[in-house]
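Here are some comments on the model, written for someone who is reading a structure for the first time. Please keep the view of the chain open while you go through the points.

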Amino acid sequence: MKRLFGVKKEKPPPPSLEDATGSIEKRGDNVDEKIKKLDLELAKHREIIKKTRPGPALEAAKRRAIQVLKQRRLYEGQREQLYNQQFNLEQVSFAAQSAKDTVQQVQAMQSASKEMKTQFKSKEFNIDAIDRLNDEMADLMDYSNEIQETMGRNYNVPDDIDEDELLGELDALEMDMALEEAGEEVPSYLQDEAAAGRAGRGGADAAGGGLRGAAGGGGGVARAAHHSVVSEWRGKGVEGTMVAAEAAAAEA
């Protein structure tokens, strides 16, 4: 039967938009190559026309240059047509691809919609259960914070500490640090002597006043008495140096 009636030939598939675009692009490249060759040839004719003297040779050179220009314009027109055809095919290809993408997007959205509906019908998506779960988690977090706070307490710190007393102690420490920086701090081993010197400073001043009053009657006796008082107070601590300074000023 196949020998009598033959075999039905299958029709080749129609060309795709990509194939048509590729074919037009190749044709355009061929036309561009031809235009480049004509440009080179036209440049040679221009040089010949510049160097040729007026006469029949110059006219022949001009005719050849005009013929090249005609061919160039012809190829440029063809290239313009190919540009337009390629642009139209690209527009159609873009529209076709957009349609395919739209179909895929719609199918994906339909599938996602079905899955979401199925999931929302499950017990896990019960809004009341989710609210209760959220409240329970908040309570558990508060309970956990209380436990952590309790476990972080220090057993050595008493609860009846006066904060005002601590603030006062902090101020005193700041004052001590300021004195250390200024170089005016009194050493601890001289604090008792300094206190004793301040207590006796008033008596020394009174004695010095009495001596200065007696100096009006007899200068030598007053100076001798004043020296004895200064010697007595000089060994009583840091303030003794201050009394000695006052005695020197009185003698002057």
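**Notes on the model**

1. Asp39, Arg72 and Glu76 are linked in a network of salt bridges, where a salt bridge is a side-chain nitrogen of Lys or Arg within 4 Å of a carboxyl oxygen of Asp or Glu. Side chains of opposite charge can pair when their charged atoms come close.

2. Before going further, please note that this is a predicted model, in which local features need pLDDT of at least 70 and side-chain atom pairs count only at pLDDT 80 or more, while totals for chains, interfaces and linings use all residues. Residues are numbered from 1 along each chain as its sequence is written, and side-chain values use heavy atoms, with hydrogens and water left out.

3. Of its 252 residues, 13% count as buried; buried means under 20% relative accessible area, exposed means over 50%, and partly exposed lies in between, with a 1.4 Å probe and protein chains only.

4. The protein exposes about 21100 Å², of which carbon and sulfur atoms supply 55%; such areas come from the Shrake-Rupley method with a 1.4 Å probe, and for residues only the protein chains shown count as cover. Among contacts between residues at least 6 apart in sequence, 63% join residues at least 24 apart, a contact being heavy atoms within 4.5 Å.

5. What span should helix 2 have, and what span does it have? At 1.5 Å a residue, its 35 residues should span 51 Å, and the end C-alpha atoms are 52 Å apart, which agrees. Helix 3 has 65 residues and reaches 95 Å from its first C-alpha to its last, close to the 96 Å expected; the expected span is 1.5 Å times one less than the number of residues.

6. Which element do the buried residues of helix 2 pack against? They pack against helix 3, and the buried residues of helix 3 in turn pack against helix 2, residues 17-51. On the helix 2 side the buried residues are Thr21, Ile24, Gly28, Val31, Ile35, Leu38, Leu42 and His45, whereas those of helix 3 include Leu58, Ala61, Ala65 and Val68.

7. The largest nonpolar core has five residues, namely Ile24, Val31, Ile35, Leu82 and Leu89. The elements that give two or more residues to this core are helix 2 and helix 3, and its largest share, three residues, comes from helix 2. A nonpolar core is a set of buried Ala, Val, Leu, Ile, Met, Phe, Trp, Tyr and Cys residues joined through side-chain atoms within 4.5 Å. Apart from its neighbours within four places in sequence, Leu82 is in contact with Ile24, Arg27, Gly28 and Val31.

8. His45 belongs to helix 2 and is buried, with a relative accessible area of 10%. Leaving aside neighbours within four places in sequence, His45 touches Ala61, Arg64, Ala65 and Val68, in the sense of being in contact with them. Ala60, which is placed in helix 3 (residues 56-120), also counts as buried, at 19% relative accessibility.

9. How many salt bridges does the structure hold? It holds three. In one of them Arg79 pairs with Asp32, the closest N and O atoms being 3.0 Å apart; because Arg79 lies in helix 3 and Asp32 in helix 2, the pair ties together parts that are 47 residues apart in sequence. Arg79 counts as buried at 9% relative accessibility, whereas Asp32 is partly exposed at 23%.

Technical notes
Helix = DSSP H or I, 4+ residues; strand = E, 2+ residues; numbered from the N terminus.
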